[in-house]
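Hi everyone, thanks for making time for me today. Have a look at the sequence and the structure, and then I'll walk you through a few things I'd like you to notice.

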Amino acid sequence: MATKSQAGRENRGPDKGEAYGVAAVTQALSGIDFPATKEEILQQARGHEEIHWTKNKTIDLKSLLDQTGQDEFESMPELVEVISETTREEEPA
């Protein structure tokens, strides 16, 4: 029989091996060296360009990077911050 804590976790979060939001971005770009250009980021993300931002929302990394207006990112935290800001701006108020 599952404990209360185990039962509560069954329907929460992404499936095993899948991540959402910031975790999905960092997972897709694992191993990239910064500073990195937009082109280098997209090359590293090849095959993972569609990011699961939430359970019901997928974002396209290329279009998101295009919207930032930046051609180079100094660090993963900077990249994640810019992506987070851009996705917030896209959401209806």
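Let's begin with serine 84. Which residues does it touch, once we set aside those up to four places away in sequence? Serine 84 touches Val22 and Trp53. You can find serine 84 in helix H5, which covers residues 76-90. Is serine 84 buried or exposed? With a relative accessibility of 12%, serine 84 counts as buried, because the cut-off for buried is under 20%.

Please keep in mind that what you see is a predicted model.

Now let's step back to the whole protein. There are 5 helices and 4 strands. If you follow the sequence along, the pattern reads α-α-β-α-β-β-α-β-α. The protein has 93 residues, and 30% of them are buried. Now take the contacts between residues at least 6 apart in sequence: 52% of these join residues at least 24 apart.

Next, charges. Side chains of opposite charge can pair when their charged atoms come close. How many salt bridges does a search of the whole structure find? The search finds 2.

One is between the side chains of lysine 38 and aspartate 66, at 3.0 Å from N to O. This pair links distant parts of the chain, 28 residues apart: lysine 38 sits in helix H3 (residues 38-44), and aspartate 66 in helix H4 (residues 61-68). Lysine 38 counts as buried, with 13% relative accessibility, while aspartate 66 is partly exposed, with a relative accessible area of 37%.

Lysine 62 also forms a salt bridge with aspartate 66, and here the closest N and O atoms are 3.1 Å apart. These two residues are 4 apart in helix H4, so about one helical turn separates them. Lysine 62 is partly exposed, at 43% relative accessibility. Through shared partners, the salt bridges join Lys38, Lys62 and Asp66 into one network.

Last stop: the surface. Where do Asp33, Glu39, Glu40, Asp71, Glu72 and Glu74 gather? They come together in a patch of negative charge on the surface. Let's pick one of them, glutamate 72, which lies in strand S4, residues 72-73. Glutamate 72 is partly exposed, with a relative accessible area of 38%.

That's my tour, and I'm happy to take your questions!

Key
Residues numbered from 1 in each chain as written. Predicted model: local features only at pLDDT ≥ 70, side-chain atom pairs only at ≥ 80, totals over all residues. Heavy atoms only, no water. Patch = residues over 30% accessible without salt bridge, like charges linked within 9 Å, V, L, I, M, F, W, Y side chains within 5 Å. Areas by Shrake-Rupley, 256 points an atom, 1.4 Å probe, with all protein chains shown as cover. Salt bridge = Lys/Arg side-chain N within 4 Å of Asp/Glu carboxyl O. Lys, Arg positive; Asp, Glu negative; His and termini not counted. Charge placed at Lys NZ, Arg CZ, Asp CG, Glu CD. Buried < 20%, exposed > 50% of the residue type's maximum accessible area, 1.4 Å probe, protein only. Contact = heavy atoms within 4.5 Å.
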